[in-house]
Amino acid sequence: MNTMISHEFLNDNMMGPNALMLADEVAGSLNLQPGMRVLDLACGTGLTSIHLARRYGVEIVAMDLWIAAEDNRQRFAQFGLEQQITALHQDVNDLPCDRPFPKDHFDALISIDAWHYFGASSSFFDTHLVPFLKPGARVAVVVPGLKAPFNDGVPPEMAPYWQSGMNFFTVDWWRQLWQQSAFLRMDLCTESEVNDAAWQSWLGCNHPYAIRDREMMAAEAGRYFNFTRMTGWIDK
């Protein structure tokens with residue numbers, strides 16, 4: 001039975017810039033201990049769930065909308081983690097109405113390279129997630145964005161790759177949004193220091209989207225994109 005995430009497994013299952021690098025940058029802030037319950041929100045193919053479960057001995061709900069739960073369960077079983085990680089196919093925007101978790105269930109929440117798809121509104125965090133987080137629960141989010149706002153519109157060299165609704169914003173934009181939460185107390189909101197390494201890891205794999213992104217990142221040339229990392233805790 002495999003016990004490590006191999007280079008081949010990582011390359012076969014990446015969905016964007018290296019999520020393990022991004023997760024490691026913020027995971028220490030979660031103060032994880034064996035047996036703690038963690039929500040890995042928008043986990044994709046579950047790479048971060050596998051990594052955190054193995055490293056910290058935590059129990060994880062690996063929740064995603066795009067990846068079938070059965071596919072993730074099969075991946076978790078390859079590492080003997082099917083009892084430690086619960087795969088869930090769920091739209092976060094349907095929470096808390098669907099009530100898949102008890103109130104105050106999770107000790108920590110992590111979300112890597114996905115928050116921009118669903119969380120770019122001032123009410124999102126408090127409405128959909130806070131009910132399931134314990135008082136004092138730790139939170140860590142890493143979200144792609146911009147080094148500076150496009151005040152004059154999307155630069156011409158980036159226009160061929162730009163899509164409406166991308167929700168790429170600056171660190172300051174995200175900080176101001178998260179400060180509107182009634183329950184989230186931030187202790188860090190700043191640029192990631194592993195942006196370049198995470199992107200290079202992704203561009204070096206053979207995923208069709210990675211191959212497509214090589215042209216975009218050549219045009220970007222390190223001028224525009226970053227990741228914002230935010231850590232904090234729940235005060236309720």
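Predicted model: local features only at pLDDT ≥ 70, side-chain atom pairs only at ≥ 80, totals over all residues.
Residues are numbered from 1 along each chain as its sequence is written, and side-chain values use heavy atoms, with hydrogens and water left out.

The largest pocket holds about 1,200 Å³ of space. Its 44 lining residues have Met15, Trp66, Asp113, His116 and Tyr117 closest to the centre. Elements that give two or more residues to this lining are helices H1 (7–13), H3 (47–56), H7 (195–203) and H8 (208–220), along with strands E1 (37–41), E2 (59–64) and E7 (225–234). H8 supplies the largest share, 4 residues. As for terms, a pocket is an open set of points on a 1 Å grid over the protein atoms alone, where a 1.4 Å probe fits, with protein on both sides within 12 Å along at least five of seven lines; lining residues have an atom within 4 Å of a point. Grid points are joined across faces, edges and corners, and the volume is the space filled by probe spheres set on the points. Helices (H or I, at least four residues) and strands (E, at least two) are DSSP runs, numbered from the N terminus.

H3 is mostly covered, with 8 of its 10 residues buried (under 20% relative accessible area; exposed is over 50% and partly exposed in between, using a 1.4 Å probe and protein chains only). The buried set is Leu47, Thr48, Ser49, Ile50, His51, Leu52, Ala53 and Tyr56. Ser49 sits at 0% relative accessibility. Leaving out residues up to four places away in sequence, Ser49 touches Asp40, Cys43, Ile60, Ala62, Phe76 and Ile85 (contact means heavy atoms within 4.5 Å). Ser49 and Asn72, 23 residues apart in sequence, are 9.9 Å apart in space, C-alpha to C-alpha. Just after H3, Gly57 takes a positive phi of about 70°.

Helix H6 (residues 171–178) has Val171, Trp174, Leu177 and Trp178 buried. These lie on the same side of H6, because they cover an arc of only 130° around the axis (taken from the directions from the helix axis to the C-beta atoms). Strands E5 (133–146), E6 (184–191) and E7 are among what covers them.

Now for the cysteines. The whole structure has 0 disulfides (pairs of cysteine sulfur atoms within 2.5 Å).

The peptide bond from Leu95 to Pro96 is cis, with omega near 0°, and Pro96 is in the loop between strands E3 (85–89) and E4 (106–112). Asn31, not a glycine, has a positive phi near 55°; it lies in the loop between helix H2 (19–27) and E1 and is partly exposed, at 49% relative accessible area. Ala221 also has a positive phi, of about 55°. Ala221 falls in the loop between H8 and E7 and is exposed, with a relative accessible area of 51%.
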